[in-house]
Amino acid sequence: MPALAAPMAGRRRGGWSLAARNAAFGYVLMLPSILFFLVLIAYPLLQTFWISLHRMSTLTRQGEFVGLANYRALLESADFWGAFGQSLVWTVCCLALQMGLGIGFALVLNARLTFRPAARALVLFPYLLSTVVAVLVWQWLFNDMYGYLNYLIEEYGLSDGPVNWLGQSPNAMISTILVAGWKHFPFVTIAVLARLQGIPPALYDAARIDGASAWSRFWDITLPQLRPVLAMVIILRTIWDFKEFDLIFMMTGGGPRSSTETLPLLIYKEVFPKLSMGSGAAIAMVMLVIMVAFFWVYAGQYDREERARSR
Amino acid sequence: MSIRVATTRRALLGGTGAALGLLAMPAIVRAQSRELIFWTTQRAPEQIAAYKAIFAGFEQQHPGTTVTVQSFLEEELLPKLAATLAAGTPPDLISHMPPEFVMQLNEQGLLQPVDDIIKAVGEGDFYENSLELLRDSRRGYYPGFAIVNSTTTGALWYRKDLVGEAGAAGYASWDAMLDTTRRTNRRGVFGTIYPFGKTSMGDKLLLQTIWRAGGYIINPDGTVGFNSPATVAAFEFIRDLLKYSPAGSANYAYTETVNGFVEGRAASAPYSGRVLINMQAQNPKLADAVSVVPFPMPAGGRDVFVGDFQSMVIPRAARDQELSKRMALTLLKTDNYVRFLHVTPSHNLPNLKSVAGSAEFAANPTIARYRPEVDTMIAATAKGRSLLKESREHATNTHAGAILGSRIMVEALQDVIIGGMSPQAAAARGADRIAGLMKA
């Protein structure tokens, strides 16, 4: 059978079957992505872990291997546990504030407003502002000598003297969380608004015909429809808030005392003033483990819910 | 209709070669010219303009060189330096580096000795306190030298009119300062501003208050001296003083302090000579109502101030050490040096005695108008020291940068004022933390 023999021979060119060559071609196509992963994710991660096993100078990047000593010192350090607690408070409060404000504004902007396009553009303003400018503006507002907030408070007799917004605990943490909430809530608004606009109006019409109240419509239609986007927003914002550095550093520098010193600020303190790259890397690795654990739990929960819904 | 273009192989190769040559031109030009990078922590637009003008002269004298001026915050220096060292592109010359950083970098072998520069200028022309501070006595060289000899904390500015109205005694001692501060405190005007934020200024002012009470952070024998009666006395004095300081002082640094005084919201405040520049520009009606005294001390205290000693260094990895040294010498030429100092007259004070006493330095309207105040500041800077070497008896403390950077000292003060801890307990806790850092 010469007509069939020729293609068969082609399929076994160089001893490789067609399937094997297709697979190899697939791997070749994946190679750039794998290389990017190795260079941009795997290498820095392994390098950070390797550094965390050393007592190393930030400037010379030379030092001695100390095994898990940096981790042991970390777990015994009161500064670490303090910063860890502050990071949790910061992340949870920021997230709650951003989600509340973000969803609230999205619902308002989804309604029929006279100046809806302008309002949608304006609500983005804090998110577009650079952190440095936002911090300067808020520091000015909070200032106890010239700040507008204190001026209003004193003008309306709400307090005898100026409120110490940033120089007293827990005011400093609360003030910084308020600024972070104001700065980042538009991200939640944009994401939620995009999803709100995709919900079929027929669902609400049907609910209205069935006599559902506004609260029932929100709870039974809007919220379930928002669930996937809220899940993604919560994950992203938790990651970003947990590792927030610039806003806190510029607002309070971690003070007063250590009341706003979160883990990223502690890393900075170790790596730069103390020039201790190894202990800084150890904190960074611990932060990574916490984030991965959080992501794992959340992704698992979300997966279970999705499977239950599709059944 | 089609057009055929005949191309020979030789023409194609020639064209390709020419194109590649054109593409490579910028690299060839770069290789032939030398781009020098100059870092400074002096960031005011006028200061940058002065540097650029000075280096324009340098470029003319050294054809083929270009100098790029880059300015950063003090806090940014180490992160940026770490990044450029890792990338193999460190700056060629750094100015206004805190002396504690200088010795920290020197300890790691990252700096080039600058003895040639000091000798070329004349060792005897530098103020002794600055040379003593920046000498690596173990290895026998200077890893840097102070480009200015100023103090941001040593001078206490005050309002002559308010002190006069209150019939107050002035600021000759701690007791007198407390009394004057109490008397001058009124609605809309605070008796003083004592910044104690977790900032460089908060740390330095506290350090100076402890020194002037007679204490040390590290004793001459190398043990931690932070938990001494002098520290406790300093905490108690500051606690009393803060009754007349703005509520937000726990978050104040340089800017808030100078602005508060210049705007007329405080009867006294520590700061450098920048007060005079800002006062004339922003609040000229008070320009004749201000004067300065050395920051007070209690009876039996130690007459010493915290000097800034911002220094000039050459990284060991700089590409052309010789050119770096010539750049430094260009900045120290009297006309250039005075030109730079006059951009912020009385803020950056000279570290060369010949310049401090020169007619060129005096020939500035601000310095001429406030000559007694400038002399008071120069006298205070001559008594300046740094945590690097708290007294002549001390060895160089290479952990000084880490102690200051971690803000342990000012945090101990915050423990007392904000945390309600007793001064003794806060001093003991601070001492433990400093001891831990010294061991690291």
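**View 1. The interface between chain A and chain B.** In this predicted model, 29 residues of chain A are in contact with 37 residues of chain B. The two chains bury about 2,700 Å² between them, and carbon and sulfur atoms give 56% of that area. On the side of chain A, the residues that lose the most area to chain B are A:Leu59, A:Met145 and A:Arg257, which together account for 30% of what that side buries.

**View 2. Salt bridges and residue classes where chain A meets chain B.** Between chain A and chain B the count of salt bridges is 3, and one of the salt bridges in the model joins the side chains of A:Asp79 and B:Arg433, with an N to O distance of 3.7 Å. The side of chain A that touches chain B is made up of 10 nonpolar, 12 polar and 7 charged residues.

**View 3. The two domains of chain B.** Domain 1 of chain B takes in residues 30–149 together with 308–379, whereas domain 2 of chain B takes in 155–306 together with 406–439. The C-alpha centres of the two domains are 29 Å apart, and the contact draws 14 residues from domain 1 of chain B and 19 residues from domain 2 of chain B.

**View 4. Area buried between domain 1 and domain 2 of chain B.** The two domains bury about 1,400 Å² between them, with 51% of this area on carbon and sulfur atoms. Within domain 1 of chain B, the residues B:His347, B:Tyr370 and B:Glu373 lose the most area to domain 2 of chain B, and together they supply 34% of what that side buries.

**View 5. Polar links and contributing helices at the domain interface of chain B.** Between the two domains of chain B the count is 2 salt bridges, while 8 residue pairs, both at pLDDT 80 or more, are found in polar contact across the interface. On the side of domain 1 of chain B that touches domain 2 of chain B, the elements giving two or more residues are helix 17 (365–369) and helix 18 (371–382) of chain B, and helix 18 of chain B provides the largest share, 3 residues. The residues on that side of domain 1 of chain B divide into 3 nonpolar, 6 polar and 5 charged.

**View 6. The salt bridge of B:Asp308 with B:Lys204.** B:Asp308 and B:Lys204 form a salt bridge in which the closest N and O atoms are 3.5 Å apart.

Key. Residues numbered from 1 in each chain as written. Chains lettered and ligands numbered in written order. Predicted model: local features only at pLDDT ≥ 70, side-chain atom pairs only at ≥ 80, totals over all residues. Heavy atoms only, no water. Domains from an automatic or database assignment. Contact = heavy atoms within 4.5 Å. Buried area = accessible area lost by both parts, 1.4 Å probe. Salt bridge = Lys/Arg side-chain N within 4 Å of Asp/Glu carboxyl O. Polar contact = N/O pair within 3.5 Å; in protein donor to acceptor, adjacent residues only side chain to side chain. Helix = DSSP H or I, 4+ residues; strand = E, 2+ residues; numbered from the N terminus. Nonpolar A, V, L, I, M, F, W, Y, C, P; charged D, E, K, R; others polar.
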